[in-house]
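User: I'm new to reading protein models. Could you walk me through this one, step by step?

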Amino acid sequence: MVSESSFSSFNPSPTPKFCNSFTTRIFSDVAGDITIVVDGESFLLHKFPLVSRSGKIRKMVAEAKDSNISKLELLNLPGGPPTFELAMKFCYGMNFEITSANVARLRCAAEYLEMTEDYREENLIERTEIYLNEVVIQSLEKSVEVLSTCEMLPPIVEEVEIPSRCVEAIAMNACKEQLVSGLSRLECDSESTELKSGCLEWWVEDLSVLRLDFYHRVICAMGRMGVRPDSIVASLIHYAQASIKGIGKCQMWNPARTRPTSGMEENDQKAIVETLVSLLPTEKSSSIPMNFLFRMLRMAIMVDADIACKLELERRIALRLETVLLDDLLIPSVRTGDSLFDVDTVHRILVSFLQRIEEEDNEDCGYESEGLGSPSHGSLLKVGRLVDAYLAEIAPDPYLSLQKFIAMIEILPDYARVIDDGLYRAIDIYMKAHTMLTDNECKKLCKFIDCQKLSQEACNHAAQNDRLPVQMAVRVLYFEQIRLKDALSGTSGDGFLSQRISSGVPSAAMSPRDNYASLRRENRELKLEISRMRVRLSELEKEQMFMKQGMIDKAGNGKTFLTSLSKGIGRIGIFSGPAGGKRHKNGRKSRGSEGKTGLTEEQQNCPNLKRPKVLVSNNLISVANSSEFV
């Protein structure tokens, strides 16, 4: 292999002079009769071995007007002169090694030269296909290597389906490795941490050498084959760290730094970011590190990625916003003349988070909340504390407008904060850093603070804070006096929050769903208790009717139990008095009236002597003496 210029200065004849060992050994005895030019480099060869294996060269020789043609030119041959040299070695029957580094180029060159079985058995196409199917496809590592060599080949490589076969082979072998690594993890459960780390997929780093479009196809194939989402996420993180400049660094970017100056570089980074975001697993079980999502979001903002890409990252962050750290939310702003931090992005994340909470509440409307312990409300309380800390961090920014600051405050509902100490601190820092605020603007800020939800320390600070409006200080002192009064009177004084909860009044720290569930639970308990009382009352009424009927049956002759009892009491009164005979006589005369009125003569003559009463309690009937009711 040598170019025409390499020998023109030494030999003025048109016959090329080859200086490498291949051409010297082949043509030492027999002179060549045809010259093949490939990309400007000439090869002095013989027609017979070429036309016996290459259909393209045979056609070119046959179609030539001059039967003694001595020069042909092959345009756009895949792999260039080095690959053509290997193909010519194969035509001459010389031994050479087919490897994963040259098999794709040889297969494409053989397709270009039409070295099929129609011209010779076990031609170059057949030999390369055997190597692809028996060696490359069976190995994940070799499939990745062959796929990476396809990046520099012309579209003919897609026609022979080498990339598609390598992509499927990588995905299939990754599934096999997944099964093997799963067994290894079972064995590693009782071993050390170092051994467990060695059980991770080794192919994650190998995929980082692929071009973006090939990598995209590989990850999609892995998702179809059922590779674990965690393994795909690990591969995405490693590919991002290897391909995106600055993505692997954890330091905060300089907000004043401009975008990359090279348009080509910026477009490449933008394409990588958008592609990797589109490849993130959709399964909820997949655990994507939050710091990786935030780094990708920052990079998407820096390279001005599509709005769909940024919204997808914001949505994924909102799904687990309660686990976010404060430093992650401090996203620098890249727009000139704006605030130091990207408040708009954080605001959109909060909107997405609240939408997710609302959807969960609607889907789980029958959830029986245990007071303040519902999962969604617990997440909301954590996010409330996070937002208060974020407000305190961005408050000293002199370029932060009042509208954006207020928007960040009022985005959360009232029940997202149990106490307002963090909110009060953030507002106080903002008022201290922005001394040009008017009185109305200060009042507008302070109306978001609930004085009843301030701690004792915060109330003491607010009462002596000169930056607060007078109305705010008066409100703080008023509620402080009420709290002190309750403490002196011995009222359970854990603050107004405990009073609201214990009295059944909906608290500002309880979500509407929690209030509704609590009321439903209390209502159900009351209904159950009323039902129990009704059943017990019905049983008592039945028992009373049975006992009353039994008394009537025992009394007989139509005389009631009370009438007989009153007669007995009358007789006792006759024997106890001094004029017993007369009273006894009168008592006998009054028998007819006793049957009608049911009263003895002593009861009629004595106005202070009341009717005997029958007390029914716990299935026992007791008769009270008339003297006990005087």
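Analyst: Helices and strands here are DSSP runs, numbered from the N terminus. Keep in mind that this is a predicted model. The chain has 31 helices and six strands.

User: How much of the chain is buried?

Analyst: A residue counts as buried when its relative accessible area is under 20%. Of the 630 residues here, 41% are buried.

User: Okay, salt bridges next. How many are there in the whole structure?

Analyst: The general idea first: side chains of opposite charge can pair when their charged atoms come close. A search of the whole structure turns up 17 salt bridges. Take R107 and E129, whose closest N and O atoms are 2.7 Å apart. R107 sits in helix α6 and E129 in helix α7, so this pair ties together parts 22 residues apart in sequence.

User: Is R107 buried or exposed?

Analyst: R107 is buried, with a relative accessible area of 7%. E129 counts as buried as well, at 15%.

User: Which residues link distant parts of the chain in another salt bridge?

Analyst: Look at R467 and D428, which meet at 3.0 Å, N to O. R467 is in the loop between α24 and α25, while D428 is in helix α22, 39 residues apart. R467 is partly exposed at 34%, whereas D428 is buried at 10%. There's also a network: salt bridges with shared partners join R107, E111, E129 and R165.

User: And which residues form a negative surface patch?

Analyst: That's E117, D118, E121, E122 and E126. E117 lies in the loop between α6 and α7, and is partly exposed at 36%.

Technical notes. Residues numbered from 1 in each chain as written. Predicted model: local features only at pLDDT ≥ 70, side-chain atom pairs only at ≥ 80, totals over all residues. Heavy atoms only, no water. Helix = DSSP H or I, 4+ residues; strand = E, 2+ residues; numbered from the N terminus. Buried < 20%, exposed > 50% of the residue type's maximum accessible area, 1.4 Å probe, protein only. Patch = residues over 30% accessible without salt bridge, like charges linked within 9 Å, V, L, I, M, F, W, Y side chains within 5 Å. Areas by Shrake-Rupley, 256 points an atom, 1.4 Å probe, with all protein chains shown as cover. Salt bridge = Lys/Arg side-chain N within 4 Å of Asp/Glu carboxyl O. Lys, Arg positive; Asp, Glu negative; His and termini not counted. Charge placed at Lys NZ, Arg CZ, Asp CG, Glu CD.
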